[in-house]
Amino acid sequence: MPQVVMLLLHLEGVSFIQWLQTTFSGFAEVLLFLTRMGDPRHAFLVYFPLALVFSRSVGLRTLLVAIISEWTNLILKWMLHGERPFWWIKDPEIFEEGKAPHLDQYSLTCETGPGSPSGHCMVTAAVLWVVTSALVSDLSAAPSNSWKRNPIIRAAPWLIYSLILSAAGVSRLFIATHFPHQVLFGTAVGILIGYVFNKVQVQSFRPRMCVVLSAGLAVSAMGLYGILLHNK
Ligand SMILES: O=P(O)(O)OC[C@H]1O[C@@H](O)[C@H](O)[C@@H](O)[C@@H]1O
């Protein structure tokens, strides 16, 4: 993307983060809690085992989507090298000494890896897409006279899904680990991965296919890493 567009996105992003930090300063602990809840590792440690308890097929699809979204996030981060707001404002090539905008620092602010796209938003959006779709299918399959067919009850899972994603995104912005476009990009790719891979019949995978898939993801990630390192 042209440098001037990136500069504009970063400057506008910092202004938005400053506004969030001022407006929600009293909710710092809640937002830190939300950012912890959105940690990609919870896809494997919380959402996958919980989904598996309720349904083997939903559990396995949750695991597949968690793996694909983590892998995609890693690859995109290596390729895009997104800045992190809290570090970006400290770049002396962008701001002269004493002229940089101020951003508050929190205990989880200082992420060290590339920032684009947001892993918290991408993995959460992908994994919860599978869980939410399963809940909605269950409600839709209920007999027509059941309370589950009430339109408000059937809309609730998607409403909760949107609220969780918004909360995760705002929490990442509030602690200045991401620019808004990184959060939006991560969420959009996460939704796409959830939508596409939710259609895969994982329970029919043979062990050999699982091994080939795992090896393919590992080799392609290492290959890309080698290429990027070589062309640095
Ligand atoms: O891209 P994000 O949202 O900053 O996430 C990056 C990393 O954030 C860390 O806090 C997590 O422990 C990692 O698992 C994750 O990859």
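Okay, let's start in a loop: His81 sits between helix H4, residues 56-80, and H5. Before I go on, keep in mind that this is a predicted model. Is His81 buried or exposed? It counts as exposed, because its relative accessibility is 58% and the cut-off is over 50%.

Now hold that next to Ala176. Phi of Ala176 is near 65°, again positive in a residue other than glycine. Ala176 belongs to the loop between H7 and H8. Its relative accessible area is 0%, so Ala176 is buried.

Ser116 and Pro117 are joined by a cis peptide bond, with omega about -5°. You'll find Pro117 in the loop between H5 and H6.

Let me zoom out for a second. The protein has nine helices and zero strands, so to speak a plain α-α-α-α-α-α-α-α-α if you read along the sequence. The C-alpha atoms fill a box of roughly 65 × 45 × 30 Å along the principal axes. Of the 232 residues, 40% are buried. And if you take the contacts with a separation of 6 or more, 80% of them are between residues 24 or more positions apart.

Back to that H7 and H8 neighbourhood. The two helices pack at an angle of about 145°, and their axes are 9 Å apart. H7 passes H8 in a right-handed crossing. Which residues of H7 meet H8? On the H7 side we have Tyr161, Leu165, Gly169, Arg172 and Leu173, and on the H8 side they meet Pro180, Val183, Thr187 and Ile191.

Next up, aromatics. Searching the whole structure turns up twelve aromatic pairs. Take Trp88 and Phe179: the ring centres are 5.8 Å apart and the planes are at 85°, so we call the pair edge-to-face. Trp88 is in helix H5, residues 85-88, while Phe179 is in the loop between helix H7 (151-174) and helix H8 (180-197), so this pair ties together parts that are 91 residues apart in sequence. Both Trp88 and Phe179 are buried.

A second pair to look at is Trp129 with Tyr195. Here the centres are 6.1 Å apart with the planes at 85°, so that pair is edge-to-face too. Trp129 lies in helix H6, residues 119-140, and Tyr195 in helix H8, so the parts tied together are 66 residues apart in sequence.

The charged end of Lys199 sits over the Tyr195 ring, 4.3 Å from its centre. There's a further example at Phe86, where Lys90 lies over the face of the ring, at 4.4 Å from the ring centre.

Last stop, the start of the chain. Phe16, Trp19, Phe24 and Phe27 form one aromatic cluster.

How values were computed. Residues numbered from 1 in each chain as written. Predicted model: local features only at pLDDT ≥ 70, side-chain atom pairs only at ≥ 80, totals over all residues. Heavy atoms only, no water. Phe/Tyr/Trp six-rings, centres within 6.5 Å; stacked < 30°, edge-to-face > 60°. Helix = DSSP H or I, 4+ residues; strand = E, 2+ residues; numbered from the N terminus. Buried < 20%, exposed > 50% of the residue type's maximum accessible area, 1.4 Å probe, protein only. Lys NZ or Arg CZ within 6 Å of the ring centre and 35° of its normal. Axes fitted to C-alpha atoms, helices over the stretch in contact; angles between N-to-C directions. Left-handed = near helix turned anticlockwise from the far one by under 90°. Contact = heavy atoms within 4.5 Å.
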